[in-house]
Amino acid sequence: MTDTVEGRNFRDVLGHFPTSVVAITTTDSDRQPRGLVVGTFMSVSLEPPLVSFLVDGSSNTLRTIRTAGRFCANALAGNQERLSRQLAGGLNRFEGAAWQESPLGNPVLDGIVAWVDCTVEKIVGLGDHQLVVGRVRTLRVESMKTPLLFFRGGYGDYLSSAALLLDRLVGW
């Protein structure tokens with residue numbers, strides 16, 4: 001047993017844990033949309049209603065979320081891989097992306113599965129990331145589409161990822 005965990009092995013093993021793909025959105029002081037993609041969105045508490053996500057501490061979007069004091073978590077649908085990739089990097093993350101304003105003023109992306117509108121409750125430093133905890137103010141299911149997942153280094157939706165895994169297990 002060793003206390004040293006090699007980075008590549010860490011990523012490879014944790015890649016076997018499927019995660020949902022969630023776009024975290026907010027707006028800056030000029031009401032321009034800002035966002036990032038996380039695979040760490042989770043429910044924290046029912047009373048009070050709290051959710052959280054992890055983000056790299058150097059993220060520009062994190063700075064905007066701190067300043068705005070609010071964010072919206074958008075559960076991307078299985079057909080939104082391209083949007084996920086676009087929001088994950090680059091300068092024009094929202095170019096061509098259709099969205100509506102949430103009650104708190106955050107972008108709610110078109111075509112998603114569901115969204116959760118939050119005010120920032122707390123931000124806690126953990127290693128090279130920050131844990132952002134949000135108090136849920138409004139939430140809604142938008143569609144019955146299957147969610148976009150990230151698994152073993154690739155994208156898929158719930159049904160296609162499950163079918164692929166079953167095929168591998170059966171040997172097809």
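**Close-up 1. The largest pocket of the predicted model and its lining.** At least two lining residues come from each of α1 (7–14), β1 (19–20), β3 (33–38), β5 (50–56), α3 (81–88) and β11 (148–151), and α1 gives the most, with five (helices, H or I of at least four residues, and strands, E of at least two, are DSSP runs numbered from the N terminus). By class, 13 lining residues are nonpolar, nine polar and six charged (Ala, Val, Leu, Ile, Met, Phe, Trp, Tyr, Cys and Pro are nonpolar; Asp, Glu, Lys and Arg are charged; the others, Gly among them, are polar).

**Close-up 2. The second largest pocket.** This pocket has a volume of about 260 Å³. Of its 13 lining residues, P33, R34, G90, L91 and R93 lie nearest the centre. Two or more lining residues are given by each of β3 and α2 (60–68). The lining contains eight polar, three nonpolar and two charged residues.

**Close-up 3. Helix α2 and its surroundings.** T61, L62, T64 and I65 are the buried residues of α2 (buried, under 20% relative accessible area; exposed, over 50%; partly exposed, in between; 1.4 Å probe, protein chains only). These residues line one face of the helix, because they fall within an arc of 160 degrees seen down its axis (the arc is that of the directions from the helix axis to the C-beta atoms). On the other side, N60 and T67 are exposed. The buried residues pack against β2 (22–27), β3, β5, β6 (70–75), β9 (114–126) and β10 (129–141) (contact, heavy atoms within 4.5 Å). At the start of α2, a side-chain oxygen of S59 comes within 3.1 Å of the backbone nitrogen of T61. G69, with a positive phi near 75 degrees, follows the helix.

**Close-up 4. Backbone geometry at P48, R31 and R152.** The E47 to P48 peptide bond is cis, with omega near 0 degrees; P48 lies in the loop between β4 (42–45) and β5. R31, in the loop between β2 and β3, has a positive phi of about 65 degrees and is partly exposed at 41% relative accessibility. R152, in the loop between β11 and β12 (154–157), has a positive phi of about 50 degrees.

Residues are numbered from 1 along each chain as its sequence is written. In this predicted model, local features need pLDDT of at least 70 and side-chain atom pairs pLDDT 80 or more, whereas totals for chains, interfaces and linings use all residues; side-chain values use heavy atoms, leaving out hydrogens and water.

Definitions and conventions. 1 Å grid on protein atoms, 1.4 Å probe; cavity = no way out; pocket = protein on both sides within 12 Å on 5 of 7 lines; lining within 4 Å. Points joined across faces, edges and corners; volume = space filled by probe spheres on them. Polar contact = N/O pair within 3.5 Å; in protein donor to acceptor, adjacent residues only side chain to side chain.
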